[in-house]
Amino acid sequence: MYWYRVFPVAIVVVVLFGLGANHALAGEPVKYKASGTSINTKWHEIEVGDTDGHVIAVFENKQVWVSEITGETAIAHSRGTIDLNKKSGQGTMRGYNVTTWENGDKRYGSYEGKLMGKGQWEGTYTDMGGTGKFDGCSGGGIWRSKSLGPGISHLESEGERTFQSQ
C-alpha cells in the first residue's frame with residue numbers, strides 16, 4: 001500500500017487546519033481558551049452590618065495567562081468588588097481588567113460571577129476593545145476560579161472573540 005505517502009499528507013492537513021483555525025478573517029469569531037494564576041495584591045473589606053458575616057470588598061489582582069490554543073502569554077490587572085456573606089457562602093463579584101500581551105497589545109474587559117462553593121467562583125466575561133490587535137475586538141465567554149491558598153487562585157476561561165482586523 002501507499003501508507004508511507006498518505007500519512008505525511010494527513011499530518012500536513014491536520015497541522016494546516018489547526019493553524020488556520022487561529023487566524024480567522026476580520027469579523028469572524030475566534031475561539032479562545034486560556035488558563036492562568038491570579039494573585040491578590042490589594043483587599044479592603046467592610047462589614048455591611050445587616051446580617052452576620054455579610055461584607056463588601058474592593059480588590060486588585062495580578063494574573064498571568066497562557067493561551068491553550070496559541071501558547072501566547074499575557075499579564076492582566078483586575079479590579080473589582082465582591083458582595084459576600086462569609087457565613088452562608090453566597091456572594092457575587094464584578095470588575096474590570098486590562099490584559100497586556102508580550103508585544104504590548106492590550107485588551108479591556110469586564111466580568112461578573114458568583115461563588116459556587118468554598119473558594120470556587122464562576123462567571124462570564126465581556127471583551128470591551130483594546131489597543132493593537134485588540135482595537136475594536138468584541139466577544140466574551142465564561143471563566144472559573146479555584147482557590148489554591150490564601151490570595152492565590154487557578155483560573156480558566158474560554159469563549160469567542162471577534163477582531164476588526166487580522
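A cavity is a set of grid points where a 1.4 Å probe fits but cannot get out. In this predicted model, a search of the whole structure turns up one such space of 30 Å³ or more. The largest cavity holds about 40 Å³ of space. Its lining is made up of Tyr32, Ala34, Trp65, Val66, Ser67, Glu72, Thr73, Ala74 and Trp101. By class, six of these lining residues are nonpolar, two are polar and one is charged. At least two residues of the lining come from each of strand 1, strand 2 and strand 3, and strand 2 gives the most, with three residues.

Next comes the largest pocket. How much space lies in the largest pocket? The volume is about 890 Å³. The lining of this pocket consists of 43 residues, and Asn61, Met93, Trp121, Ser145 and Ser153 are the ones nearest its centre. Two or more lining residues are given by each of strand 1 (29-47), strand 2 (54-67), strand 3 (73-85), strand 4 (90-101), strand 5 (106-117), strand 6 (120-130), strand 7 (138-149) and strand 8 (152-162). Strand 5 supplies the largest share, six residues. The pocket lining counts 20 polar, 17 nonpolar and six charged residues.

In soluble globular proteins, nonpolar side chains tend to be buried together. Here, the largest nonpolar core has 15 residues, and those touching the most other members are Ile82, Met93, Tyr111, Trp121 and Trp143. Strand 1, strand 2, strand 3, strand 5 and strand 6 each contribute at least two residues to this core.

Leaving out neighbours within four places in sequence, Gly109 is in contact with Gly95, Tyr96, Asn97, Thr126 and Met128. Gly109 and Tyr125 are separated by 16 residues in sequence, while their C-alpha atoms are 6.9 Å apart in space.

Terms used:
Residues are numbered from 1 along each chain as its sequence is written. This is a predicted model: local features need pLDDT of at least 70, side-chain atom pairs count only at pLDDT 80 or more; totals for chains, interfaces and linings use all residues. Side-chain values use heavy atoms; hydrogens and water are left out. On a 1 Å grid over the protein atoms alone, a cavity is a set of points where a 1.4 Å probe fits but cannot get out, and a pocket is an open set with protein on both sides within 12 Å along at least five of seven lines; lining residues have an atom within 4 Å of a point. Grid points are joined across faces, edges and corners, and a volume is the space filled by probe spheres set on the points. Helices (H or I, at least four residues) and strands (E, at least two) are DSSP runs, numbered from the N terminus. Ala, Val, Leu, Ile, Met, Phe, Trp, Tyr, Cys and Pro count as nonpolar, Asp, Glu, Lys and Arg as charged, and the others, Gly among them, as polar. A nonpolar core is a set of buried Ala, Val, Leu, Ile, Met, Phe, Trp, Tyr and Cys residues joined through side-chain atoms within 4.5 Å. Buried means under 20% relative accessible area, exposed over 50%, partly exposed in between (1.4 Å probe, protein chains only). Contact means heavy atoms within 4.5 Å.
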